[in-house]
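I opened my notebook to look through one protein chain. I wanted the overall picture as well as a few single residues.

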Amino acid sequence: MSEFDAVMRLALEQAVGAGEDVPVGAVVLDPGGLVVGAGRNERELTGDPTGHAEVVAIRAAAARLGSWRLTGCTLVVTLEPCTMCAGAAVLARLDRIVYGAVDPKAGAVGSLWDVVRDRRLNHRPEVIAGVLASECGALLTQFFADRRVR
């Protein structure tokens, strides 16, 4: 059991609400552990290629906190971030990334790439992987299985 299980469940709630989008959800916690941003994939909904759950949650947190610098904050997301989202986390100066399921096809936080630990960057967030990984992965597996049947 992880200290982030309860927050990952909030991210899973976001993911379930993604409709026709791939069910990925994210929340951003402030340094005190309060949720200051939440999001789900909304590329299909908005037609925005940057409409990934992480970007939506980071934007919401920045707006709420009144700063693009999210120092001290934690991003909790159901799926390992892609290169765009890993880059956004670094640029936002997030202290920590917590994710559930590994993404072997597009993951950029340790599986396919490791953007956030690149020593050439000036900021490297801590990474905690595998929080509620089975639940996060099952949601994605079911989503894609349902689409193959159609």
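**Entry 1: L79 and its contacts**

Leaving aside its neighbours within four places in sequence, which residues is L79 in contact with? I looked them up: V24, E54, Y99, G100, A101, V102, D103 and L140. I remind myself that this is a predicted model.

Next I checked where L79 sits. It belongs to strand β3. Is L79 buried or exposed? Its relative accessibility is 15%. Buried means under 20% relative accessible area, so L79 counts as buried.

I also looked up the pair L79 and L12. In sequence they are 67 residues apart. In space, their C-alpha atoms are 9.9 Å apart.

**Entry 2: strand β3 and its partners**

I moved on to the whole of strand β3, residues 74-79. How many of its six residues are buried? I found six of six, and the strand is mostly covered.

One position I noted is V76, which stands opposite V98 in β4.

Strand β4 covers residues 96-101. Five of its six residues are buried, and I wrote it down as mostly covered.

β3 also pairs with strand β1, residues 25-29. This pairing is antiparallel and has four bridges. Here A26 has V77 in β3 as its bridge partner.

**Entry 3: two residues with positive phi**

I looked up R93 for its backbone angle. Its phi is positive, about 65°, although R93 is not a glycine. Where is R93? I found it in the loop between α4 (83-91) and β4. R93 is partly exposed, because its relative accessible area is 22%.

L132 was my second case. This residue is not a glycine either, and its phi is positive, near 50°. I placed L132 in the loop between β5 (126-129) and α5 (133-149). L132 has 14% relative accessibility, so it counts as buried.

**Entry 4: the order of the elements**

I then stepped back to the protein chain. How many helices and strands does it have? I listed five helices and five strands. From the N terminus on, they run α-β-β-α-α-β-α-β-β-α.

**Entry 5: size and packing**

I wanted to know why the chain can be called a compact globule by its radius of gyration. For 150 residues, a compact globule would have a value near 15 Å. The chain has 14 Å, so the two agree. Along its principal axes, the C-alpha trace spans about 45 × 35 × 30 Å.

What share of the 150 residues is buried? I noted 47%.

**Entry 6: surface and charge**

The chain exposes about 7,700 Å². Carbon and sulfur atoms supply 54% of that area.

Last, I checked the charged side chains. There are 16 positive and 18 negative ones. How far apart do the centres of the two sets lie? I wrote down 4 Å.

Definitions and conventions
Residues numbered from 1 in each chain as written. Predicted model: local features only at pLDDT ≥ 70, side-chain atom pairs only at ≥ 80, totals over all residues. Heavy atoms only, no water. Rg over C-alpha atoms; globule rule 2.2 N^0.38 Å. Buried < 20%, exposed > 50% of the residue type's maximum accessible area, 1.4 Å probe, protein only. Areas by Shrake-Rupley, 256 points an atom, 1.4 Å probe, with all protein chains shown as cover. Lys, Arg positive; Asp, Glu negative; His and termini not counted. Charge placed at Lys NZ, Arg CZ, Asp CG, Glu CD. Pairing = 2+ DSSP bridges. Contact = heavy atoms within 4.5 Å.
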